[in-house]
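Comments are grouped by topic.

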Amino acid sequence: MLLDVDGTLLSESGAVPGAARAVQSLRRRAVPFRVLTNITRRSRSAVVERLRRHDIDVRAEEVFTSVLAGAQWLRRRSIRVVAPYVAEEALADLAEFTLVGGMSRRTGADAPQAVVVGDLGESWSHALLNEAFRHVMNGAQFVALQRGRYWLGPTGLEVDAGAYVAALEYATEKQAVVCGKPNTEFFLGAVASLKGEDLAAAAAADGTRRGGPSRQPDRVPGVVMVGDDLWSDVYGAQQAGLGGWLVRTGKFRTDVLAESDVRPDRVIESVAELVD
């Protein structure tokens, strides 16, 4: 079982009713699970702490974030110098790299080899966006930790990182590499971690076995993604060969589901239905 965070386990007012019991139930029944999130404003340790504050018992190794997936992508390509456009709290998960510009606010002699874009919310400015634009135009790899359209914030629906990723793609005429949901490799990496496999090796082997990333993956039996995002959670999981369950919490909207071509394998009221 793969579980989304915002809108699925947590809301702006606290834990989704029944979320803590659902996780306890999975653990009691020895059902392997991972908590997957595109949150780029927090480090993994901060995500764990936030969940535990609401009595949702998770361990660090059970949390798989798009920031960690981005770090993995950079590491595999021997990229060392990175311009990070992620919240300062998330910089801890990029500490292995030399950080210049962006939210690191550091200067360095070396130009960044990659630009990493996450959700900065109100911290975005024209100056930051333009800086990222110039780095990409000068040859830096363009890495998007996620490209969500919107999320349910404290004041209602809010524009997510995808809008800024799209702006940079339009300006630079370069396509971003997406490391978080709905990227197939992100889901397969989470599945590999459930099995205790090496994430990079499993994803690479999977791509080779299936003839490369362009082919539709084989169905992965018995693994389900549960989330409130029809595209990032449900469609992304289905593209990776997993089951995709949609919850009617968070940013779920009946009209969006009705008008979309995406068909969840199951629609449930909330994660509380996972309680045995």
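Predicted model: local features only at pLDDT ≥ 70, side-chain atom pairs only at ≥ 80, totals over all residues.

1. Largest nonpolar core. This core has 31 residues, and the members that touch the most others are L2, L36, L74, F187 and L242. Two or more residues come from each of α3 (66-76), β8 (114-117) and α6 (184-194). Helix α3 gives the largest share, five residues.

2. Contacts of L74. Leaving aside residues up to four places away in sequence, L74 is in contact with I79, V82, F97, A114, V116 and V143. L74 is also among the residues with the most contacts to other members of the largest core.

3. Second core. A separate nonpolar core holds 27 residues, including L3, L10, F33 and V35.

4. Aromatic pairs. There are four aromatic pairs in the model. One of them joins F64 and F186 in a stacked arrangement, with 5.0 Å between the centres and 20 degrees between the planes. F64 has 9% relative accessibility, which is under the 20% cut-off, so F64 counts as buried. F186 is buried for the corresponding reason, because its relative accessible area is 2%.

5. Aromatic cluster. F64 and F186 form one aromatic cluster together with F187. F187 is also listed among the residues of the largest core that touch the most other members.

6. Y85 lies in strand β6 (residues 81-85), whereas W124 sits in the loop between β8 and α4 (126-137), 39 residues apart. Are Y85 and W124 buried or exposed? Both Y85 and W124 are buried.

7. How many cavities of 30 Å³ or more does the model contain? The count is one. The largest cavity holds about 80 Å³ of space. Helices α8 (230-239) and α9 (254-259) each give two or more residues to its lining.

8. Cavity lining. The residues around the largest cavity are Y150, D228, D229, L230, W231, L246, K251, F252, R253, V256 and L257. By class, seven of the lining residues are nonpolar and four are charged, with no polar residues.

Technical notes. Residues numbered from 1 in each chain as written. Heavy atoms only, no water. 1 Å grid on protein atoms, 1.4 Å probe; cavity = no way out; pocket = protein on both sides within 12 Å on 5 of 7 lines; lining within 4 Å. Points joined across faces, edges and corners; volume = space filled by probe spheres on them. Helix = DSSP H or I, 4+ residues; strand = E, 2+ residues; numbered from the N terminus. Nonpolar A, V, L, I, M, F, W, Y, C, P; charged D, E, K, R; others polar. Core = buried A, V, L, I, M, F, W, Y, C linked by side-chain atoms within 4.5 Å. Buried < 20%, exposed > 50% of the residue type's maximum accessible area, 1.4 Å probe, protein only. Contact = heavy atoms within 4.5 Å. Phe/Tyr/Trp six-rings, centres within 6.5 Å; stacked < 30°, edge-to-face > 60°.
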